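Visitor: I would like to learn how to read a few features of a structure with you. Could we go through them one at a time?

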Amino acid sequence: MAASPHLQEITASNLDTAVALRVRPDQEHLVDPVVKSLAEAYVHPGVAWPRLICVDDRAVGFLMAFFDIDWTGDGTDFRSGLWRLNIADGQQGRGYGRFAVECVAEEIRRRGGTRLTTTWHPGEDGPGDFYRTLGFRTTGETSGDQTVGVLDLK
């Protein structure tokens, strides 16, 4: 990475930039667009944590974390993790995805959590190798058609 990345809260002044962010065309079936994430954040206030990933004043990606959701719906398994990760077309392979996961892990730790959960599209074209390289392990669960992985935070 040339310059250090940082996170920016989504505001009225950067909303258009966030919504315009696109992954590579061959990856569009793997992750929902930013606009859907922002709609989900709107209807899940206090749970969703959407952020732009920026280098200098240029957006290179988007992440959305979630905190303390009732994973099973029965009040016994509350989880926090990475809900969405979109690295812009032309910006992948520069460490921004790793940076995003590290930021979410840091925020979970700050809130007292010890585990980061995420999901991904299974298959050869999905990001499973990326997540496994970062230390995620699959749980054997699925969420919809997504593979569930966890990263223990130490």
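Visitor: Is Asp56 buried or exposed?

Guide: Asp56 is exposed because its relative accessible area is 55%; buried means under 20% relative accessible area, exposed over 50%, and partly exposed in between, with a 1.4 Å probe and protein chains only. Keep in mind that this is a predicted model, where local features need pLDDT of at least 70 and side-chain atom pairs count only at pLDDT 80 or more, while totals for chains, interfaces and linings use all residues. Residues are numbered from 1 along each chain as its sequence is written, and side-chain values use heavy atoms, with hydrogens and water left out.

Visitor: Where is Asp56 placed, and what is its phi?

Guide: Most residues other than glycine have a negative phi. Asp56, though not a glycine, has a positive phi, near 55 degrees. Asp56 sits in the loop between β2 (48-55) and β3; helices (H or I, at least four residues) and strands (E, at least two) are DSSP runs, numbered from the N terminus.

Visitor: What is the phi of Asp68, and where is the place of Asp68?

Guide: Asp68 has a positive phi near 55 degrees and is likewise a residue other than glycine. The place of Asp68 is in strand β3. Asp68 counts as exposed because its relative accessibility is 54%.

Visitor: Let us step back to the whole fold. How many helices and strands does the protein have?

Guide: There are four helices and seven strands, and along the sequence they follow the pattern β-α-α-β-β-β-α-β-α-β-β. The radius of gyration is 15 Å, close to the 15 Å that the globule rule gives for 154 residues, so the protein is as compact as a globular protein of that length. That radius is taken over C-alpha atoms, and the globule rule is 2.2 Å times the number of residues to the power 0.38. The C-alpha trace spans about 40 × 35 × 30 Å along its principal axes, and 44% of the 154 residues count as buried.

Visitor: What share of the contacts joins residues at least 24 apart?

Guide: Contact means heavy atoms within 4.5 Å. Among contacts between residues at least 6 apart in sequence, 60% join residues at least 24 apart.

Visitor: How should I read a helix such as α3?

Guide: Start with the span: the expected value is 1.5 Å times one less than the number of residues. Helix α3 (residues 96-110) has 15 residues and reaches 21 Å from its first C-alpha to its last, close to the expected 21 Å. Then look at burial: the buried residues of α3 include Tyr96, Phe99, Val104 and Ile108, and Glu107 is also among them. After α3 comes Gly112, with a positive phi near 95 degrees.

Visitor: Which salt bridges does Asp77 form?

Guide: Side chains of opposite charge can pair when their charged atoms come close. A salt bridge here is a side-chain nitrogen of Lys or Arg within 4 Å of a carboxyl oxygen of Asp or Glu, and by this rule the count comes to 12. Asp77 pairs with Arg79, the closest N and O atoms being 2.8 Å apart. Arg79 is buried at 7% relative accessibility, and Asp77 is buried at 17%. Asp77 also forms a salt bridge with Arg115, where the closest N and O atoms are 3.9 Å apart. That pair links distant parts of the chain, with Arg115 in strand β5 (residues 115-120) and Asp77 in the loop between β3 (58-70) and β4 (78-87), 38 residues apart. Arg115 is partly exposed at 30% relative accessibility.

Visitor: Which residues are joined into one network?

Guide: Salt bridges that share partners join Asp32, Lys36, Glu40 and Arg84. One of these is the bridge between Lys36 and Asp32, at 3.4 Å from N to O. Lys36 is partly exposed at 38% relative accessibility, and Asp32 is partly exposed at 28%.

Visitor: What does the side chain of Gln146 make a polar contact with?

Guide: A polar contact is a pair of N or O atoms within 3.5 Å; within protein, one must be able to donate a hydrogen and the other to accept it, and residues adjacent in sequence count only if both atoms are side-chain atoms. The side chain of Gln146 makes such a contact with the side chain of Asp145, at 3.3 Å. A polar atom of the Gln146 side chain also lies 3.5 Å from the backbone nitrogen of Trp120. Gln146 lies in strand β7 (residues 146-152) and is buried, with a relative accessible area of 18%.
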